[in-house]
Amino acid sequence: VESFQMLRNISAKRSQKISMKNDMPFGDDPFPSIIKGCVASIQSAMKDGLTLLEIDFPPIQGRSDISLSETLDSNRNHARNIIRSFSAQNGDALWAVFPDKNEADLAAKSYFGKNLPAKLPFLITSIKEAVNEAPPTANGCNLQLVVQPGFNIDEWIQLEDLKSVGNNVRRASGGEGEAAMVVLNGSLDKVCSGYYPRIFYPGLFSAKERFLKNFEPVYSIKKVQGGWIFRSYPDDWKVVRERRGNQPKVVGECAVRPTYNDAVQILRSRSD
């Protein structure tokens, strides 16, 4: 496998370098560091002209048996913390986009209380609302943060239309270039891996080939047996060994995302 070979062929000098550089958050509450890393990665990628970005990390620390409602609650919280770094600069040209209207309403109440102000500092909407009724924001659209799409497959398919709406609103307000779209914990890697077969999901397959596969994973933390796959843009992908009670250790690095199996092989083949 190409990514495994790339990881195996790292020189001794390179290996020494990566073993000393580890910025993957860890500890009892890694989320402040994760949010900081997400914001920095988004800003770097946008500065480089990227407009389709993905951030992906476990929404709750140390648990895999979390319910859908817990996942939605956590991602709504994480979205708010990310938004704090962008709202002052972008105003209502920042769109916080949720899977459906109920989630959008919950987010507005969670962020601003039950008595909502007449004008919110940024736009809160749902995928369907934004696609069917282009938001008339005075400042256009600079950034769409799409929170956990994919519970309904149509949400993934509609992301392309949502991006087009953002671009159109941006141009209508006199803006140049494209709006950026950031998908938060939307499982795009699962879609792009072929998990959903073309024969049963032709619409999703077309959306993947045409649009979804073009997203750049700018911040990603994925658990594997014995460690993690980690990336923080613009750095390369890293395979990180989990060490109970100690700082995780980078044991491999490559330019392409390693598969789950590749990462496990690397962790098994390299000693501390």
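Mentor: Ile42, Ile82, Ile83, Phe86, Leu94, Leu143, Leu145 and Val182 line the largest cavity. The elements that contribute two or more residues to this lining are α4 and β4 (143-147). The model is predicted, so local features need pLDDT of at least 70 and side-chain atom pairs pLDDT 80 or more, while totals for chains, interfaces and linings use all residues. Residues are numbered from 1 along each chain as its sequence is written, and side-chain values use heavy atoms, without hydrogens and water.

Trainee: How many cavities of 30 Å³ or more does a search of the whole structure find?

Mentor: Rolling a probe the size of a water molecule over the atoms shows where empty space is left. Here the search finds one cavity of 30 Å³ or more, and the largest cavity holds about 40 Å³ of space. A cavity is a set of points on a 1 Å grid over the protein atoms alone where a 1.4 Å probe fits but cannot get out, and lining residues have an atom within 4 Å of a point.

Trainee: Which residues of α6 are buried?

Mentor: An α-helix has 3.6 residues a turn, so residues three or four places apart point the same way. In α6, Glu103, Ala104, Ala107, Ala108 and Tyr111 are buried (under 20% relative accessible area, 1.4 Å probe, protein chains only). They lie on the same side of α6 because they cover an arc of only 140° around the axis, taken from the directions from the helix axis to the C-beta atoms.

Trainee: What follows α6?

Mentor: Gly113 follows α6, with a positive phi near 90°.

How values were computed
Buried means under 20% relative accessible area, exposed over 50%, partly exposed in between (1.4 Å probe, protein chains only). Helices (H or I, at least four residues) and strands (E, at least two) are DSSP runs, numbered from the N terminus. On a 1 Å grid over the protein atoms alone, a cavity is a set of points where a 1.4 Å probe fits but cannot get out, and a pocket is an open set with protein on both sides within 12 Å along at least five of seven lines; lining residues have an atom within 4 Å of a point. Grid points are joined across faces, edges and corners, and a volume is the space filled by probe spheres set on the points.
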